[in-house]
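Please review the notes below alongside the sequence and coordinates.

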Amino acid sequence: MVTTLEIPAAARRPRAPAALGQALVSVLVVGLVAGPFIPLVYSSFRSKPVYLPGGVFSLGGYRTLFADPAYWTAVRNTLLFAVGTTVLAVAGGTLLAILCTRTNMPGRRAYGLLLMAPVVIPPLGLIVGWTAIYGQGGYLTQLLSRNLHLPVWNLASIPGMTAFGTVVTLPVAYLTVRASLSGTDASLEDAARSAGAGLLAVVRRITIPMLRPAILNCGILIFALCLEILGIPLFLGGPSNIDFYASYLYRSWNQGGTPDPPFVSAGAVLLLVVVSLLLVVRARLSGAEQRFVAVGPRGGGARRPLDLGRWRRPASACVGAFLTVTCLIPLLGLVLMSFVRVLTTLVAPWHLVTSDNWHAVATDPALRRSITHSLLIAAGGGAVSVALVAVAALIAHRSRFPLRRLIAPALIYPRAVPGVILGIGFFWTYLMFTPGALVRNNLWGEAIALCVRNLTLAYVVIQPSLTRIGEELDRAARAAGAGWWHIARRVLLPLLRPALLAAFVLMFITLLGDYDPVVFLQKPGTEILGVTMLQYWSTGVQGPVAALAVLQVVLVAVVLGLGARALRRVTVADA
Amino acid sequence: MPEIRVLNLRKSFGTTTVLDGIGFTVHDKEFVTLLGPSGCGKTTTLMSIAGFQTPDEGVIAVGDEVFVDRRAGIDLPAERRNLGIVFQSYALWPHMTVAQNVAFPLSLRKVDKRAARERVAEVLDLVELGAHGGRYPHQLSGGQQQRVALARAIAYSPKVLLLDEPFSNLDAKLRERARDWLKHLQLSLGLTTVFVTHDRDEALAMSDRVLVMNNGRVLRDGTAEEVYHEPRARFVAQFLGRCNFLTGRVESGPDGTSLLRTPAFPEGIVVAGAHPGPEATAAVRPHAVELLGPDADGVEASVLEAAFLGDHYRYLVRIGEYRIEAHAPHRIASGPARLRIPPGAAVFVD
């Protein structure tokens, strides 16, 4: 005999609360992202900065810009740099991805992880480290030129900066190509080998042609990144007065007769248009990728990788040397620089040891403030951003909210447009639209700009995990009587926990090192690490900047370690 | 002429043994199937022949050429083994047209361009895709893709063809057609073939010989009929179709047969062949069981459930506290019935 349990029918939930909440989150996300661009475009078409009275509609900003020879020099430099960097980074990243995922090169696993180092090392840390070692007064440069009288490189030249740009952007190519490689069926290569193709034939005729979409895709992305790069020309190009697009805007903004002139906005708008067009092209191209999708690969077990034969060890040694030269030595140089008065080959470093740099970091109020502020933004801003992006992603992919299709592009866009442009946009937005000094000239404004800029990162971590959660789970919950928020809170968000944690770690690391969108917003009293380092560096203060960079690296390492441990715990608990 | 010889293959991943002393020979022009559940080691065996897995121990040779001999340190790279292989996923190169896919092995062998073009057309005609040479793989249906993969595998006339579950991505109807068609092609080209599958119908229908594998071992090696009718191992009997197992005491019967007395059949069942032990298990296929009306001869039984399956009925029958499955072409009402196991219907298994 079966007893029937009397359960009341699920209450008919009114639709309004879910829709209202979804609308609020959507408007917030779309507004935060789209908002800054309106005043930016507006201000580029005014005859005077918007805060001055009497401005009229004018193309003067654009005319001034085009008449400035320095602008055209910057454009030319940027293009040279971008083309060189893109070619080198894509070639190098592809080669390394193939070596690390498809061959039997010794140490490929460890290298696979280490190659990501430039992503997690704070960008300024790496720049300062490179300057300390390979810059004009750098340790190795001096050693070779003064002590051994050999011809040396010039890091403060376009080839020099291209070399560094390649190191910074190479992980983008490496990651894209690696993802594409692991997404394709390894039996495609096995089939070629069965047909009689040797190592080189397989790579040349099968592996690389199939990577074409991935290569094109990351090529465009890297090119777009190069157009907006600010740190490299400011830190490395400074000694030779080589300006790139972003650094031209930055200097013009700070040094013009009138502060914040319209032609800077005009330059920003032009760059925005170019980068946006590149991204449209990229989206179009990836739409044509369909024919590169191989027929449903099924797990084939561990296959034997491509055999490098007698090139195994030389290849491994080359990759090791590359990592040593590009990351390890600069990091060591950075640490050394933070502990000496001046890094020189003329005097042995132990005669110059000093704790002054660290003392300055611990006592200088501006430096201390920038550390606390950056940590606050990284922790608080990271948490809030991840929460916002998680809900927004659920609305975009798991709801019937009418405007849901706007959300995914809105989450992708901020990272796609140059950070300096977003910064200028936020500057005008705060100036024109916010009542009083609500977010102007204080940390809130900077935190918002940094977080909006990096929303994309949280989204790209969360979205793939979300698509892996079957929609039947939502439907089962709905059939059981759960409303949308209920499903989100009780089913989807708990399942997303590992992704949310990973997104937070990534946000924390990035917010700690990012500075592009804030260079136009920072005022005394609202310092953050990146901008402070930039400003101190430009006045010739190097030791404390190195110390701050080391601090950043250590913080990132600690957070990565804690994050990895927590992630393991979360995953184990879920299993 | 090529004959594939596999000797004592062993391989383990960490503590799990995948291949536990596999050995067999595939004669010239023979079609041999490795049949077993997933994880039994059949694909690993095939991939070892192809050169994508290296066994820890053992010898693989085709004709006079030794592919793998771990003792002698021989391990020929996959690209020098000159085999044709069709992968489960077909592994068609998505950036090449059908014709380019098929021509690839030829171009690696420096076949003259015109000759290659002719050969590609010939092979594509053979798989009935002559008109599709200019298409890309994603523009073809699953069945067509499978045939392109086959065309590519036989393009340069290899003597040995390896097939890794080539039909598993096809729907049931297409699968049957592809099966007949592949068998026909194999016969007419005289290819020595090793075929891997977990589908017993495919294995029985196509093979000259079937090797049933489990846990990295070959449990039974024989023609389809031999393997089906005399499975010898309980696992083999079960894997090749539904089966009843009866355990009891063995007595010797007339003419070299044995008599198996079980609780359900106290009178005994006549089983072919002698059995040494006092206790034994025999396997009986449901269709060999005779299920009759209540007035006929046989053990008293009762029909519990019946299911109509088109060409026969499937019955669940109770004898005392034992349950037996029986298949019969005719309808029998639920309730009392008689059941008989004719002499020779049961065979001993381990």
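## Strand pairing in chain B

In this predicted model, strand E1 (residues 4-13) of chain B and strand E4 (residues 57-62) of chain B run antiparallel and are joined by five bridges. One residue pair can be named: Val6(B) has Ile60(B) in E4(B) as its bridge partner.

E1 and E4 belong to an open sheet of five strands in chain B, with the order E2-E1-E4-E5-E6 and antiparallel pairing. Strand E2 (16-26) and strand E6 (74-75) of chain B are at the edges; each has a single partner strand, so one side of each has no neighbour in the sheet.

Strand E15 of chain B spans residues 279-284 and contains Ala283(B). Ala283(B) counts as buried because 23 other C-beta atoms lie within 10 Å, the cut-off for a buried residue being 20 or more.

Leaving aside residues up to four places away in sequence, Ala283(B) touches Pro231(B), Ala237(B), Cys243(B) and Phe245(B), and also Ala346(B), Val347(B) and Val349(B). For Ala283(B) and Arg242(B), the sequence separation is 41 residues, and the C-alpha to C-alpha distance is 9.9 Å.

## Confidence

Chain B has a mean pLDDT of 90, with 100% of its residues at 70 or more. For the model, ipTM is 0.74 and pTM is 0.76.

How values were computed. Residues are numbered from 1 along each chain as its sequence is written. Chains are lettered from A and ligands numbered from 1 in the order in which they are written. This is a predicted model: local features need pLDDT of at least 70, side-chain atom pairs count only at pLDDT 80 or more; totals for chains, interfaces and linings use all residues. Helices (H or I, at least four residues) and strands (E, at least two) are DSSP runs, numbered from the N terminus. A residue is buried if 20 or more other C-beta atoms lie within 10 Å of its own, exposed if 12 or fewer, and partly exposed in between; C-beta atoms are placed from the backbone. Two residues are in contact if their C-beta atoms, placed from the backbone, lie within 7 Å. Two strands pair if DSSP finds at least two bridges between them. pLDDT is the predictor's confidence in each residue, from 0 to 100.
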